[in-house]
Amino acid sequence: MVGCKIQVKERTPEWIKNLLNSKFFESCDNHREVRRNEKNMFCIDCNLCFCKHCVNSSVHCFHEWLQICKYVYHDVIRLQEIQKHLNCSAIQTYKINGEKAIHLNPRPQSKDSKTSKLRGSVVACEACGRHLQDLPNRFCSIACKVSIDADIYKQRKNVISTQITKFDHLSTKESCYTNENESCISLTESSEVIQTWCSSALKPKKNLHKRKGIPWRAPLC
């Protein structure tokens, strides 16, 4: 299977990258004269952020969109909304008005807390080292999990490309070896056929004598 290509799909969609890099709760340019015009919505189909007034006045009402909230001056999103589009397992959740929410990006931490990743008794984020409350969790935000998943994707892609290169090299050798064997077998078979034909043609033929008929005895007079 020379020239085989295996495609590994990247686990981080483009809209996730824009969601994490967007600046929310700024004034919307399209609704400056309207109150409460902060951009706290994100459209997955259009891949951009907007305010709540844009939902009713544009095509966003027919699209998939998410609502961003504030929790201790940081952007969070409801777990019930985001988990429909992204695997949010192993991310630390927080309770906001009775609903579970997760952070978009890691929160700033002090110098003392940055060393928590080195402490064996403290559960820390695998990406930034921030302290986690629950033991099953491994990440403090969506950005931390996405960064780890991106590294795993790159490693798997490198391993697969290396395996394909080795496989192509072996396949080329096997094809050459098979062609050589087939040519040798064909030459051997043709030589055997020629020898058989020559031996049968040069072999002297035996004189075949026809058998005489059965003699008949003359009748007695």
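A residue counts as buried here when its relative accessible area is under 20%. By that cut-off, 28% of the 221 residues of the chain are buried. The model is predicted.

**Whole chain**

Start with the cartoon. The chain has five helices and six strands, and along the sequence they follow the pattern α-β-β-α-β-β-α-β-β-α-α. Switch to a surface: the chain exposes about 16,800 Å², and carbon and sulfur atoms supply 54% of that area. For the contacts between residues at least 6 apart in sequence, 41% join residues at least 24 apart.

**Ser 22**

Select Ser 22, in the loop between helix 1 (14–21) and strand 1 (41–43). Its side chain reaches the backbone oxygen of Asn 18 at 2.4 Å. Show the surroundings as well: leaving aside neighbours within four places in sequence, Ser 22 is in contact with Phe 42 and Cys 49.

**Arg 32 and Asp 29**

Next select Arg 32 and Asp 29. Their side chains form a salt bridge, with N and O 2.7 Å apart. Are these two residues buried or exposed? Arg 32 is exposed, because its relative accessibility is 59% and the cut-off for exposed is over 50%. Asp 29 is exposed too, with a relative accessible area of 54%.

**Val 55**

Move to Val 55 in helix 2 (residues 52–56). At 9% relative accessibility, Val 55 counts as buried. What does Val 55 touch, once its neighbours within four places in sequence are left aside? The contacts are Met 41, Phe 50, His 60, Cys 61 and Trp 65. For a distance check, pick the C-alpha atoms of Val 55 and Cys 43: the two residues are twelve apart in sequence, and these atoms lie 9.4 Å apart.

**Lys 70 and Asp 75**

Select Lys 70 and Asp 75, whose side chains meet in a salt bridge at 3.1 Å, N to O. Lys 70 is partly exposed, at 43% relative accessibility.

**Arg 78 and its partners**

Now select Arg 78 and Glu 99. They form a salt bridge in which the closest N and O atoms are 2.7 Å apart. This pair links distant parts of the chain, since Arg 78 is in strand 4 (residues 74–78) and Glu 99 is in strand 6 (residues 99–103), 21 residues apart. Arg 78 counts as partly exposed at 24% relative accessibility, and Glu 99 is also partly exposed, at 35%.

**Tyr 71 and Tyr 94**

For the last stop, turn to aromatic rings. A search of the whole structure finds one aromatic pair. Select Tyr 71 and Tyr 94: their ring centres are 5.7 Å apart and their planes stand at 35°, so the pair is tilted. Why does the pair tie together separate parts of the sequence? Tyr 71 lies in strand 3 (residues 65–71) and Tyr 94 in strand 5 (residues 94–96), so the parts joined are 23 residues apart in sequence. Colour the two residues by accessibility to finish. Tyr 71 is partly exposed, with a relative accessible area of 24%, whereas Tyr 94 counts as buried at 9%.

Notes:
Residues numbered from 1 in each chain as written. Predicted model: local features only at pLDDT ≥ 70, side-chain atom pairs only at ≥ 80, totals over all residues. Heavy atoms only, no water. Helix = DSSP H or I, 4+ residues; strand = E, 2+ residues; numbered from the N terminus. Buried < 20%, exposed > 50% of the residue type's maximum accessible area, 1.4 Å probe, protein only. Contact = heavy atoms within 4.5 Å. Areas by Shrake-Rupley, 256 points an atom, 1.4 Å probe, with all protein chains shown as cover. Polar contact = N/O pair within 3.5 Å; in protein donor to acceptor, adjacent residues only side chain to side chain. Salt bridge = Lys/Arg side-chain N within 4 Å of Asp/Glu carboxyl O. Phe/Tyr/Trp six-rings, centres within 6.5 Å; stacked < 30°, edge-to-face > 60°.
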